[in-house]
Amino acid sequence: MGNLILNGLANGILYGGGLALLAVGMNLIFGVMNVIHLAYGQCVMVALYAVYVFAVLLHLPLLLSCVIAVGISALLALLIHVAVVNPLLKAPLINQLLALAGVMIVLENIILAVFGSDYLGIQISFPVFAIGDVYIKISSLIPFGVGLATLALLWLFLNRTYTGLAIRAVVHDRDMAELMGVRTGRVYWLTFAIGGILAGVVAACFAPIYTVHPHFGAAFTLTAFVIVVLGGLGNLLGGSIAAFLIGVISQVTGVVFTSEIGEILVYAIFIIFILFRPQGLLGAKVRT
Amino acid sequence: MLQVEGVSAGYGKFNVLNDISIKVDDGTTVIMVGSNGAGKSTLLKAISGVVRPACGAIYFNRERIDGCPPHQIVEMGIAFVPEGGRIFSELTVYENLKMGSYPATARREFAASLRQVFQLFPLLENREKQVAGSLSGGERQMLAIARALMTKPKLIMLDEPSSGLAPKIVAKVFEFVETIKAQGYSIFMVEQNVLKAVGLAEYAYLLETGTLVYEGEKQEFLENPKIRASYLGI
């Protein structure tokens, strides 16, 4: 039993790295723009299909296919921002949510129409290596490593560049940031583009591991949303901590019991947080 | 330097300012006084681009600026310190000052501006790494003024810098304003604390319910019987 738990813990931490990467884009967009990007998972799904097209159908090297997919994901994000999100920035929240739900359905059905409903994949098998009694999947190590590197780069960008500082200023006080010379319109599209890049990076990490289907986007969106809420909406550190917690809980429970019980436990914890600590782990309490 | 001509402005259908004309000459300190709700802050917001005037014109160094967005106004050289300072409370003192030098023209001189600001306000250098939200009220106002200086302004506009502060801190804040005045900055300040504010100024305006009712040089302003009775309690 001890070995099982140890393996669950190790793989849970690795899984958490991938989840942190998945959630950070949605979290950044909410933190800066107060927009819940309901179609975020669908953007990841489209990027996954992009990797498939370039790597499998066009036989390009996998790494190049991933880079192109990141670019396509960033362009898709900008398109969604210009066409849907930006015009609705001052609209009621429900209008934004409904419009993005529409984007979800449009993207899924475009992919369904083009690729059909078969599961498609790149079919790369990765080795497993052992450290003592703990077995580590290389396929889990990739999103973990890329996730940590991406989070580190994002931290450096937000804390060591003028543009990153401007984004943080807009989060705290948009009007005052404008009085400092920040063009908030530019900050918004840049944030959405970064979200798109991050969605592309997620797809690049997941493409060798998962087969892809048009309806996968919903699962990604739901998972990202749970992590973001648990961590505290808009709080990148909280989201990262929540991602690792969810990774460990789901993997350990999955090996000790079943993966279904792991999922049940994660969502039960989510419901408890909503009931008793809706601001999440590191979110600020909203005073009414 | 700054010329406001016949400006009316408000919020939606609610008009706050009626036909306001004022000017601020280069190197001078001009204040506008008036009670709560007179429209003083609205005038500053109209100049800084936050509120669009319904009519009239605003010129800065002979260039028309009404209708320009706030980021363009600050790039032209007008820094606005709103009421309460509105520092970025979750950023450090250093990061707040760095944000002040965000405009391209100010960014090139960040290091020199920071040195100047730390010479004027040494306390900020000691608190560089401190989160701005943990500063006291007077220290926040100091930081807000210092941040405005980082934008390399030609004109600094201050909205009631003493608002909400204890009397001892009010005195400190006016010392900060004197410090920047001594550096040769042009200042346009709105205040309810008439005696302290007029003491700093060369010229003063009195605004009541959105209309300019009196203006004059410092001495004649202080000798006006109505102002002495209503605002100085003499």
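**Close-up 1. Contacts of A:Ala47 in the predicted model.** Leaving aside neighbours within four places in sequence, A:Ala47 is in contact with A:Ala69, A:Ile72, A:Ser73, A:Ala199, A:Gly200 and A:Ala203. Two residues are in contact if their C-beta atoms, placed from the backbone, lie within 7 Å. This is a predicted model: local features need pLDDT of at least 70, side-chain atom pairs count only at pLDDT 80 or more, and totals for chains, interfaces and linings use all residues. Residues are numbered from 1 along each chain as its sequence is written, while chains are lettered from A and ligands numbered from 1 in the order in which they are written.

**Close-up 2. The largest nonpolar core.** This core holds 161 residues. A:Ala47, A:Leu48, A:Val51, A:Ala69, A:Ala203 and B:Met157 touch the most other members. Helix 1 (residues 2–33) of chain A gives the most to this core, with 15 residues. A nonpolar core is a set of buried Ala, Val, Leu, Ile, Met, Phe, Trp, Tyr and Cys residues joined through C-beta atoms within 7 Å. A residue is buried if 20 or more other C-beta atoms lie within 10 Å of its own, exposed if 12 or fewer, and partly exposed in between. Helices (H or I, at least four residues) and strands (E, at least two) are DSSP runs, numbered from the N terminus.

**Close-up 3. Helix 3 against helix 8 in chain A.** Helix 3 (residues 62–85) and helix 8 (residues 184–206) of chain A pack at about 145 degrees, with their axes 7 Å apart. Axes are lines fitted to C-alpha atoms over the stretch in contact, and angles run from 0 to 180 degrees between N-to-C directions. By class, the contact has 16 nonpolar, five polar and no charged residues. Ala, Val, Leu, Ile, Met, Phe, Trp, Tyr, Cys and Pro count as nonpolar, Asp, Glu, Lys and Arg as charged, and the others, Gly among them, as polar.

**Close-up 4. Where chain A touches chain B.** Here 14 residues of chain A are in contact with 18 residues of chain B. Helix 6 of chain A gives the most to the chain A side, with six residues. That side divides into eight nonpolar, two polar and four charged residues.

**Close-up 5. B:Ser8 in strand 1 of chain B.** B:Ser8 lies in strand 1 (residues 2–11) of chain B. B:Ser8 counts as partly exposed because it has 16 C-beta neighbours inside 10 Å. B:Ser8 and B:Arg52 are 44 residues apart in sequence and 9.3 Å apart in space, C-alpha to C-alpha.
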